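Please look through the structure below with its sequence at hand.

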Amino acid sequence: MVQEKAGRRRRVFTEIAEEWRRLLFPETTDDEFVEQFGQTVVFALLLARVEGIAFDGESVHAIATKLGKRHSLMGKALDVLTEESATGDLSTTLDTLLRVVGAVDWSRLDDGSGDSYLLLYEDFLQIYDRELRVRTGSYYTPHGVVEAMVLLTEAILKRSFGIETGFASSEVVVVDPAMGTGTFLLSVLRRAASTITEEEGAGALGPRLRQLVGQRLIGFERQIGPYAVADLRMHALLKDYGSAAPREGLRLLVADTLDNPRAEFNWIPHTYRPLAESRRQANKVKRDERVMVVIGNPPHDAVTRGAGKWIEAGDPNVGEDPPLDAFRLAGNGTYESKLSNLHVFFWRWGTWKVFDAHDDAPFGVVAYITPKAWLKSRAFAGMRRYLRKSADEGWVIDLSPEGQRSAVASRLFPDVAQELCIAVFVRRRDDHREDSALVHHLKVHGHRDDKAQRLLSLTLDDPDWRDCATGDSDPFLPEGDDLWTGAPLLRDLMPWSSRGVTPGRVWVYAPDEATLRKRWRIFLGADASERRKLFGEARDRTIDSRVTPLAGTTGYDGTPLRQERRPQPEPVQVGYRSFDRQLILPDHRLMVVARPDLWRVRGDHQVFTVEQNAHPVVSGPALVFSALIPDMHYFNGRSGCARPLYCDARGESPNVAPALLDVLSRRLATLVTPEDFLAYIAGVVSHPAYTERFRENLEDPGVRVPLTGDVRLWHRAVHLGRRVLWLHTYGDRFADQAEGRTRETLRLPSGRPRCVVEIPDTEEGMPQVLRYEPEEQRLWIGSGCIAPVPPSTREYQVSGMNVLDKWFGYRRKEPAGKRRLELDHVVARSWSPDWTTELLTLLNILGLLVLEEPAQREVLESVCSGPLISIQDLTEEGVLPVPRHALKPVRPAAGGDAMPGL
């Protein structure tokens with residue numbers, strides 16, 4: 001009987017959740033419903049206490065009924081969600097809430113500012129669910145920022161539309177599509193009240209404010225908690241002005257802005273009508289109502305496909321394309337995955353509503369505070385193009401010129417590390433032209449208090465505004481103003497690049513020679529049909545393929561693999577992954593794409609600069625270097641490209657933009673050699689501080705190199721870079737005894753890692769797991785141990801790839817990698833003592849690189865704040881654009897520059 005009753009309650013509770021989803025938020029998950037349930041009950045009860053409703057002896061139903069007389073939605077939500085048949089199991093919790101909240105004396109908490117409600121919600125989220133706060137973007141927008149945005153928007157209304165009374169005008173309809181606790185709408189209300197009092201007198205205030213909040217001030221909010229706070233604050237502010245709320249109620253609506261505005265309901269039960277009516281009214285606003293101003297602080301979070309709902313999907317039922325398509329640009333392809341962010345969806349909703357939704361009123365203002373990556377990132381080129389075409393003028397305020405993860409004191413939102421901006425765009429009523437909108441840019445610096453004061457003093461005629469570039473999809477930045485966009489791309493400085501070696505077969509590589517020899521013996525011992533399976537034939541290669549030999553290799557005479565009987569060619573060491581050197585069978589017949597040009601330019605002076613040019617760089621050095629030919633996935637296991645320092649094996653033809661070395665030598669008044677040039681790049685770019693500083697920029701692949709115009713900084717960077725290159729190449733390049741760069745010094749000066757517990761070299765003792773004890777700084781390789789290994793060494797990454805984990809992964813008992821062929825599974829069965837030596841060398845190298853990082857950070861900061869040689873400078877000198885011939889490898893004459901045979 002008890003179980004049957006509990007089952008009925010669960011069913012009723014499930015039915016309530018389904019109705020909640022159907023009438024308000026169709027995509028709400030069970031977990032999200034539980035969050036909504038908890039916030040609704042708590043804040044409805046608090047709202048009842050603020051309204052002076054006593055709880056003594058009252059049921060939740062009675063409290064909800066009284067609350068509904070002034071706050072119909074909250075009253076009905078409380079009544080529906082706490083239906084006794086569904087919440088019997090929660091009766092103890094509800095009774096506790098009634099006792100605790102019922103004891104609240106709001107008059108003792110309210111300081112008269114109206115912020116008490118807000119601070120209560122902020123503290124509630126801090127305690128209730130900090131992750132929910134981050135995930136939903138529930139951050140209170142500081143008064144200074146809100147007031148500044150409202151003042152700026154009102155100034156635009158006056159200048160662009162001649163609406164002298166600003167927000168007090170009866171033609172100005174305002175929507176905050178993510179109103180949160182109502183801060184923007186309250187600020188608009190205060191501005192309007194001030195204007196009404198000044199223009200018409202205090203006696204006009206009550207009726208005019210009721211008209212404003214009942215007709216022209218609209219807010220959408222998806223979460224019940226902040227909605228309740230916004231409702232409280234609006235009523236409190238009206239009361240302060242001596243005005244009651246309008247009889248028809250406020251236009252604060254519980255709704256999802258991104259939902260389809262054409263969604264309608266069939267028959268709705270009377271008990272749910274106030275809830276459904278909120279969504280219906282919101283859809284009517286979205287669909288039918290002309291809006292002049294959209295303003296707010298929308299949530300900003302990367303989301304999965306589909307989270308943009310109607311904005312992202314459109315309405316196939318009526319043949320309507322996704323509104324988000326207006327932000328797309330032909331040819332931008334996969335970069336536009338970055339459009340899947342909530343603030344982008346809200347930007348599109350705001351611009352759609354104001355500029356596109358109503359042919360008879362395609363004008364107005366959109367003003368948001370959001371992350372600023374869209375100002376210059378390639379992913380948002382289409383968004384910038386749309387704004388330039390659809391708007392007439394724009395104003396962009398950089399709130400975070402200090403960069404990514406700046407000091408907390410400089411952040412207007414202390415808990416938000418992202419770089420932020422305010423952007424306001426206007427389309428005028430009568431004289432819109434579809435050419436490039438004039439966009440202005442301004443930065444605010446310093447402590448958050450200084451920034452707030454600067455924002456409040458800002459006017460449309462401020463002398464610090466600078467005009468932005470005017471190309472259709474150019475960044476919303478003044479030309480030459482941005483350090484990143486003004487710095488040349490590495491691909492322009494070192495024009496010729498190639499993908500790394502792409503064998504397409506795992507068994508061609510191995511970390512030890514014995515494994516390669518064993519695989520080759522198995523291959524030679526197989527007949528033709530078995531060889532075909534072992535080889536892994538595909539359209540690119542078969543056992544009958546005839547190919548040219550690779551430069552610098554010997555032993556291949558054109559015999560196809562089907563007929564091969566000779567011993568394997570001598571293995572060649574290559575760069576497999578960053579800081580991981582392995583062996584390869586240098587046989588062109590075995591490789592899908594061997595990159596013959598890279599084999600041709602191998603030499604004693606060659607250094608390959610490896611760039612991740614296909615995916616974002618998120619951590620560690622932005623470039624890595626190898627004296628050995630790199631694999632295609634060398635950088636971090638995810639593609640990339642190699643840029644040789646020289647276009648030949650002898651080191652006589654540098655892969656540097658024509659005339660660049662001469663221009664640098666002249667400007668710096670010092671001889672710049674190819675080796676110096678590469679060392680400068682390594683010193684400035686190849687360390688985590690560079691990636692940290694430019695992380696948002698690096699979301700669009702392509703490293704840029706800030707080139708100093710200060711010869712002293714140049715020499716400092718070159719000195720550091722030579723050491724970095726020496727370490728990246730395991731001492732094979734840039735060795736210099738006078739500078740202490742020798743094989744003997746390729747180790748830490750103190751605290752050197754040593755093998756303190758033997759790593760077994762038996763099959764039974766073959767390690768499978770790498771384990772680390774940070775307190776003791778001990779790195780366990782199976783049952784063996786190396787110490788000390790500092791956390792900075794253990795955690796060393798190249799764009800999310802942990803170097804030690806990756807290195808060990810290919811040498812453990814069950815090696816990493818996609819092993820689909822039989823020969824792929826022929827691996828070492830015991831740990832090689834040589835690997836212990838290699839691991840110790842690797843640990844020393846990583847530790848030494850960590851020691852260089854503070855000096856590299858300091859040089860980078862000095863370079864960025866000092867005189868720079870920009871793209872414009874190099875263009876004026878004739879270095880850029882790079883001539884097409886420099887993008888291709890130099891073809892040698894017969895018998896030319898190939899490395900001598902092995």
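Of the 902 residues of the protein, 58% count as buried, where buried means under 20% relative accessible area, exposed means over 50%, and partly exposed lies in between, with a 1.4 Å probe and protein chains only. The model is a predicted one, in which local features need pLDDT of at least 70 and side-chain atom pairs count only at pLDDT 80 or more, while totals for chains, interfaces and linings use all residues. Residues are numbered from 1 along each chain as its sequence is written, and side-chain values use heavy atoms, with hydrogens and water left out.

The accessible surface of the protein comes to about 37,700 Å², and 49% of that surface belongs to carbon and sulfur atoms. Such areas come from the Shrake-Rupley method with a 1.4 Å probe, and for residues only the protein chains shown count as cover. The protein has 31 helices and 23 strands; these are DSSP runs numbered from the N terminus, with helices being H or I of at least four residues and strands E of at least two. Among contacts between residues at least 6 apart in sequence, 75% join residues at least 24 apart, a contact being heavy atoms within 4.5 Å.

Start with helix α11 (residues 183-200) and its neighbour α10 (residues 143-161). How do these two helices pack? Their axes are 9 Å apart and the angle is about 55°; axes are lines fitted to C-alpha atoms, for helices over the stretch in contact, and angles run from 0 to 180 degrees between N-to-C directions. The pair α10 and α11 is therefore oblique, since angles under 35 degrees count as roughly parallel, over 145 as roughly antiparallel, 65 to 115 as roughly perpendicular and the rest as oblique. The crossing of α10 and α11 is right-handed: a crossing is right-handed if the near helix is turned clockwise from the far one by less than a right angle, and left-handed if anticlockwise. On the α10 side the contact is made by Val146, Glu147, Met149, Val150, Leu151 and Glu154, and on the α11 side by Thr183, Phe184, Ser187, Val188, Arg191 and Thr195. By class this contact has six nonpolar, three polar and three charged residues. Here Ala, Val, Leu, Ile, Met, Phe, Trp, Tyr, Cys and Pro count as nonpolar, Asp, Glu, Lys and Arg as charged, and the others, Gly among them, as polar.

Helix α11 also packs with α12 (residues 205-216), where the axes come within 10 Å and cross at roughly 145°. This crossing, too, is right-handed. Leu189, Ala192, Ala193, Ile196, Thr197 and Glu200 of α11 meet Leu205, Arg208, Leu209, Leu212 and Val213 of α12. The contact of α11 with α12 has eight nonpolar, one polar and two charged residues.

Two residues of helix α13 (residues 224-240) come next. Leu237 lies in this helix and counts as buried because its relative accessibility is 10%. Leu237 touches Leu186, Leu189 and Arg190, leaving out residues up to four places away in sequence. Leu237 and Arg190 are 47 residues apart in sequence, yet their C-alpha atoms are 8.6 Å apart. Leu238, also found in α13, counts as buried because its relative accessibility is 0%. Among the residues that Leu238 touches are Leu189, Leu209 and Val213.

The backbone remains. Most residues other than glycine have a negative phi, and most peptide bonds are trans. Lys309, in helix α15 (residues 309-313), has a positive phi of about 50° although it is not a glycine. Tyr730, in the loop between α27 (711-728) and β17 (754-757), has a positive phi of about 55°. The peptide bond from Ala787 to Pro788 is cis, with omega near -5°. Another cis peptide bond joins Leu880 and Pro881, and Pro881 lies in the segment after α31 (871-876).
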